Amino acid sequence: MRRRARAAFPIFKNVFCILLGALMRENVEERKNIRIPARKIQCQKFSETPCKNIFSVLSWLQNYNFVNKLSACHELGWRKYCGGAGTPCPAAERREGVVIVRTPFRMSFAGGGTDFAEFFREHGGEVLSATIDRYCYVTVRHLPGFFEYRSEFCYSEIERVSGSSEIRHPLIREAVRMLDMQQIRLTYEADLPARSGLGTSSAFAVGMLNAFHCSRGEYASKRQLADEAIRLERELCREAGGLQDQVAVSFGGLNRITFGENGYAVRPVILTTARREMLNERLMLFFTGFSRFSFEIQEKTLDRLGDSTDSLLEVKGLVGDAERILTGGGGLSDFGRLLDYGWQLKRGVNSEISTDSVDMVYEKAKQAGALGGKLLGAGGGGFLLLYAEPERQEAVRQALAGLLYVPFRFEDSGTEVVYYAPDTRPF
């Protein structure tokens, strides 16, 4: 009986593989007419299923989830039969079309300043930050050749140019050169104003790069987008600053980000839904109305890093303390007090981080019941984050009645493509 079973096994294996291959080819053929976004990722052809033995077939099925395999394309919400190494996907050619990318803004709770390369290469750096459901939107589409200009860029200004050398906006100019973008129309819109301490510049850089890659028919991971945005802002545009913003808005979520000689690592801070809501309900965001260019303050902070090592090391230590408070089982009032202590430390690094007007607003909030807070970003103005228990929040709002209160929720998606319509016949 066993001999008969062994003799029949190869026949069964071959029949199984033939039926499997036919089924998979049928499913592939049925989906050839479905428009799927172009991405330069690798696929393994279903007709090349490894059928060395039945276990390899079952392993292959498990790895590909049979028909409905969700590849790395899940980050853009597209269903596709891709994954693993092999031949390029049929859709990997460059296509034009309309792409809309949504990228969140971020708020930093602790560790700001230790993400400067000049500091963390010697001492290491850490930040605790979260992204919120306030976004910027970058739309990129092919610009037909009807006009005298070759590309159009719409943000707070409108630029119409014939070549990259004519582009005035430094981020756009260098990104266009980096990815060789031609004949495009780019539009930037945002829920909140620029230069306000929420990482708006980096969110724009990450969102723009994401849209450019998608328009080119390329897949870019969140890490790749963060790395490219860092290079774009810090190297090509030579803007002073840390590295946390690009990483935070690319990955999304509540994260503890560490920096060192070998780069950075992103570790999500895991909270229960109830604990997360508890934190969200106790944070308040106000717009002070004072907008500034962060790189001007960042340059002065950078100049003083050598004299502020002890303060920054203490700021770095607050990251671990903040995470322990959040993940512990007790109340969160200590988190508010930690924000206050961290803000006082940061003001000692650079006196221009705050202003007399901001200090007055902050004191009003504390007198009304806020336990702590901080200016977000490099400082000097923009958004003020406060921690207040729910029963004290109405008093805080009344004390700051002259400022705009902005409600928000935490989000986890990071940068993502929310709309894509390929143009199969560009001209």
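Arg238 lies in the loop between helix 6 and helix 7, where helices (H or I, at least four residues) and strands (E, at least two) are DSSP runs numbered from the N terminus. The model is predicted, so local features need pLDDT of at least 70 and side-chain atom pairs count only at pLDDT 80 or more, while totals for chains, interfaces and linings use all residues. Residues are numbered from 1 along each chain as its sequence is written, and side-chain values use heavy atoms, with hydrogens and water left out.

Arg238 is not a glycine, yet has a positive phi of about 55 degrees. At 69% relative accessibility, Arg238 counts as exposed (over 50%; buried is under 20%, partly exposed in between, with a 1.4 Å probe and protein chains only). Asp180 sits in the loop between helix 4 and strand 7 (184-190) and, at 44% relative accessibility, counts as partly exposed.

The axes of helix 4 (residues 170-179) and helix 5 (residues 200-215) come within 11 Å and cross at roughly 30 degrees; axes are lines fitted to C-alpha atoms, for helices over the stretch in contact, and angles run from 0 to 180 degrees between N-to-C directions. Helix 4 is therefore roughly parallel to helix 5 (under 35 degrees). Among the residues making this contact are Leu171 and Ile172 of helix 4 and Phe204 and Met208 of helix 5.

Note on methods:
Angles under 35 degrees count as roughly parallel, over 145 as roughly antiparallel, 65 to 115 as roughly perpendicular and the rest as oblique. Contact means heavy atoms within 4.5 Å.
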